[in-house]
Amino acid sequence: MLKQWLCGLLMVLALPVMADDSIGQDPYQVVQVVAQRSFDRFAADQALIAANLDHLKVIVEEEMMPYVDYKYAAYKVMGPTLKKTTPEQRERFTEEFRRYMIATFAQAFTEYRDQTVEFDPAKPFEGRNIVTVGMTVIDGNRPPISVQFKARRNKKTGEWKAFDLVAEGVSLLASKEQEIGGLIRRNGIDAVTDMLAEKNNAHLVDDKEAAS
């Protein structure tokens, strides 16, 4: 059940991370401004989505991924194996993990039900490199869900990017470290990269239709 909640939340949590350069220095503004923009894009592209569900991947890649620290997340998932990989292996895994994130978030979009989001008040973040932005996802058909969006500041540019989300106490990044990281340790980085590439090439499935 929790896994289903997480999947349904991903579309909300993935969205808040994109923003204009003018607000990129404030993680709280990034979350709030871009969440609204992403919902607007999703609503505006309904005809394109109806014609081709994979258009959701386009939305995620264009609106979200420029502001997701997917390289940091990919390296965290590789864990100790990172030091044993070649530059080519790291680059290939990172790219397929980026595509995996796109597919995962896009699949979650198929569960969109006009949820709304209430944001926790901003807190001082000066001098911090990691900030947790809290929010509550409200759906009239379900109990409210507590979510924390984790952002990391690039020390060189000062830009904030997403790297993890925590829903009802469960970290998406930690779960992927355990799941995919475990596969890497057992099967090797190349085999897991191939597996991700195959998954990434699959078409999205309408969860609403699959459940009916």
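Where α6 meets α7, the residues F93, F97, Y100 and F105 of α6 touch L172, K176, I180 and I184 of α7, where contact means heavy atoms within 4.5 Å. By class, this contact has 7 nonpolar, no polar and 1 charged residues. Nonpolar here covers Ala, Val, Leu, Ile, Met, Phe, Trp, Tyr, Cys and Pro, charged covers Asp, Glu, Lys and Arg, and polar covers the others, Gly among them.

A word on the source. This is a predicted model, in which local features need pLDDT of at least 70 and side-chain atom pairs count only at pLDDT 80 or more, while totals for chains, interfaces and linings use all residues. Residues are numbered from 1 along each chain as its sequence is written, and side-chain values use heavy atoms, with hydrogens and water left out.

Now the geometry. Helix α6 spans residues 87–109 and helix α7 spans residues 172–187; helices are DSSP runs of H or I, at least four residues, numbered from the N terminus. Their axes come within 14 Å and cross at roughly 130 degrees. The axes are lines fitted to C-alpha atoms over the stretch in contact, with angles from 0 to 180 degrees between N-to-C directions.

Next, the core. The largest nonpolar core has 46 residues, and L56, V60, F93, F97 and I180 have the most contacts inside it. Such a core is a set of buried Ala, Val, Leu, Ile, Met, Phe, Trp, Tyr and Cys residues joined through side-chain atoms within 4.5 Å, buried being under 20% relative accessible area with a 1.4 Å probe, protein chains only. Helix α6 gives the largest share, 8 residues. Beyond four places in sequence, F97 touches Y70, A73, A74, V77, I180 and L196.

Technical notes:
Helix = DSSP H or I, 4+ residues; strand = E, 2+ residues; numbered from the N terminus. Buried < 20%, exposed > 50% of the residue type's maximum accessible area, 1.4 Å probe, protein only.
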